[in-house]
Amino acid sequence: MDRIICIVGPTASGKTTLSMALAQKLNGEVLSCDSMQIYRGMDIGTAKPTKEEIGDIPHYMTDIVDPDEDFSVGRYVEMADKLVQDILSRGKTVIIEGGTGLYVDSLILGRSFAPTPKTGHREALEKLAEEYGIEAVIELLEGFDPESAKKLHPADKKRIIRAAEVYLETGKSITQHNIDSLVQPPKYSPIWIGLDYEKREDLYDRINRRVSMMFDAGLLDEIKALLDRGIPETATSMQALGYKEPIAALHGEYSMDEAMHRIRQRTRNFAKRQLTWFRRNQAISWIYQYPGQPFDEVLSQALAIAEKD
RNA sequence: GGUGACAUAGCCAAGCGGUAAGGCAACGGUCUGCAAAACCGUCAUUCCCCAGUUCAAAUCUGGGUGUCACCU
């Protein structure tokens, strides 16, 4: 039987440490599932595991593209799935360490994505929305995908445009695409372990402290190095938490102190969204930690969950 | 000690006699190619306290308390 363990949870919940320890114990290899750690040169702000943390454990899907490259879930799944197959074929355990819910689920469910669109439909739709308002796009959408037109909130411009784009690209509505893919059984059935804290405030405390540590570790130098390399500030990667705020501060929009506060705030908000995403996955066994808990306790709980299967 | 201003949710804040805007935070949720993104929902039976005027008061009057500013 395929042996896959997914370690999921909000940022700063200790996923990296647990993944490495489990890999050690279970003869596993770690596959990172994080939409920002894929970028080269973005280490401190993304809390990427250090060389010391990784040690000699095989570790994948980190540092795979440059920060100014376009990336997507589709590309992630394509690359990661090959690695999963490869690790399994060698009889080892795959430990998926995931903070990006969409990526983890897409990989596990085995979703297939159409190739990157190049037809310019999206640009045209965006222009239409800009000139005539999003209502014009909704109206258009009603013509070939009334379900989406009705379901999507008028303020959710991004998804409305995507829904229209999918139809124009493929001739099939996004609603139909979704129905088709929901019919498919999940590609893998991993053991799910969720990491969280008993009390929300303890998780938030960890986030606050970690942000300070990032600044101490040289986050600003890292950002300056990226900018010196010519990475555009508008690149998706540079819009990441912990990057865009210091950049704004460097432009004098607010103080660096304010930047740090904003990073903390936005990271706390982000952690809550991650929890919302993972909470609906009933297959997850949660480990609720408390401050100062010995790591061995967490590890043995995780091993118990992994062994139960 | 005197004079003046102000007291509205955890924070900022509108309201100026007709039955408590809005923003942030918090909490809950959505999510199928930007996801560290984008989006949605909930959140003051009550406006510092007491008394009064009025059909009706967060809004007016008197007193009290507190904060700030200036004066001595």
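The model is a predicted one, so local features are described where pLDDT is at least 70, side-chain atom pairs count only at pLDDT 80 or more, and totals for chains, interfaces and linings use all residues. Residues are numbered from 1 along each chain as its sequence is written, and chains are lettered from A and ligands numbered from 1 in the order in which they are written.

Chain A holds 14 helices and 6 strands; here helices (H or I, at least four residues) and strands (E, at least two) are DSSP runs, numbered from the N terminus. Chain A is as compact as a globular protein of its length, because its radius of gyration is 21 Å, close to the 19 Å that the globule rule gives for 309 residues. The radius of gyration is taken over C-alpha atoms, and the rule is 2.2 Å times the number of residues to the power 0.38. Laid along its principal axes, the C-alpha trace spans about 60 × 55 × 35 Å. Of the 309 residues, 35% are buried, where buried stands for 20 or more other C-beta atoms within 10 Å of a residue's own (exposed is 12 or fewer, partly exposed is in between, and C-beta atoms are placed from the backbone). Among contacts in chain A with a separation of 6 or more, 76% join residues 24 or more positions apart; a contact needs C-beta atoms, placed from the backbone, within 7 Å of each other.

Next come the helix pairs. Two packed helices are described by the angle between their axes and the distance between the axes. Axes are lines fitted to C-alpha atoms, for helices over the stretch in contact, and angles run from 0 to 180 degrees between N-to-C directions. Helix α1 (15-26) packs against α14 (residues 295-308) at an angle of about 60°, with the two axes 10 Å apart. That angle is why α1 and α14 are oblique to each other (under 35 degrees is roughly parallel, over 145 roughly antiparallel, 65 to 115 roughly perpendicular and the rest oblique). The crossing of α1 past α14 is right-handed, which says that the near helix is turned clockwise from the far one by less than a right angle, anticlockwise being left-handed. From α1, the residues T17, L18, A21, L22, K25 and L26 meet F295, V298, L299, A302, L303 and A306 of α14. Sorted by class, this contact has 10 nonpolar residues, 1 polar and 1 charged; Ala, Val, Leu, Ile, Met, Phe, Trp, Tyr, Cys and Pro count as nonpolar, Asp, Glu, Lys and Arg as charged, and the others, Gly among them, as polar.

Helix α8 (residues 157-170) has α6 (residues 134-144) as a packing partner, at an angle of about 40° and with the axes 10 Å apart. This makes α6 oblique to α8, and α6 passes α8 in a left-handed crossing. On the α6 side the contact uses I134, V137, I138, L140, L141 and F144, while α8 brings K157, I160, I161, A163, A164 and Y167. Here 11 residues are nonpolar, none are polar and 1 is charged.

Helix α5 (residues 121-132) also meets α8, with axes that come within 9 Å and cross at roughly 135°. α5 and α8 are therefore oblique to each other, and α5 passes α8 in a right-handed crossing. H121, R122, L125, E126 and A129 of α5 touch K157, I161, A164, E165, L168 and E169 of α8.

Helix α4 (residues 101-109) has Y103, V104, D105, S106, L107 and I108 as its buried residues. Their cover includes β1, β2 (28-33), α3 and β4 (93-98). After α4 comes G110, with a positive phi near 75°.

Positive phi values also turn up in residues other than glycine. A12 has a phi near 70° and sits in the loop between β1 (4-8) and α1. A12 is buried, with 23 other C-beta atoms within 10 Å. M61, with a phi of about 65°, belongs to the loop between β3 (59-60) and α3 (73-89). M61 counts as buried because 20 other C-beta atoms lie within 10 Å.

Finally, G28 lies in strand β2 and is buried, with 22 other C-beta atoms within 10 Å. Leaving out residues up to four places away in sequence, G28 touches L22, A23, K92, T93, V94 and I95.

Notes:
Two residues are in contact if their C-beta atoms, placed from the backbone, lie within 7 Å.
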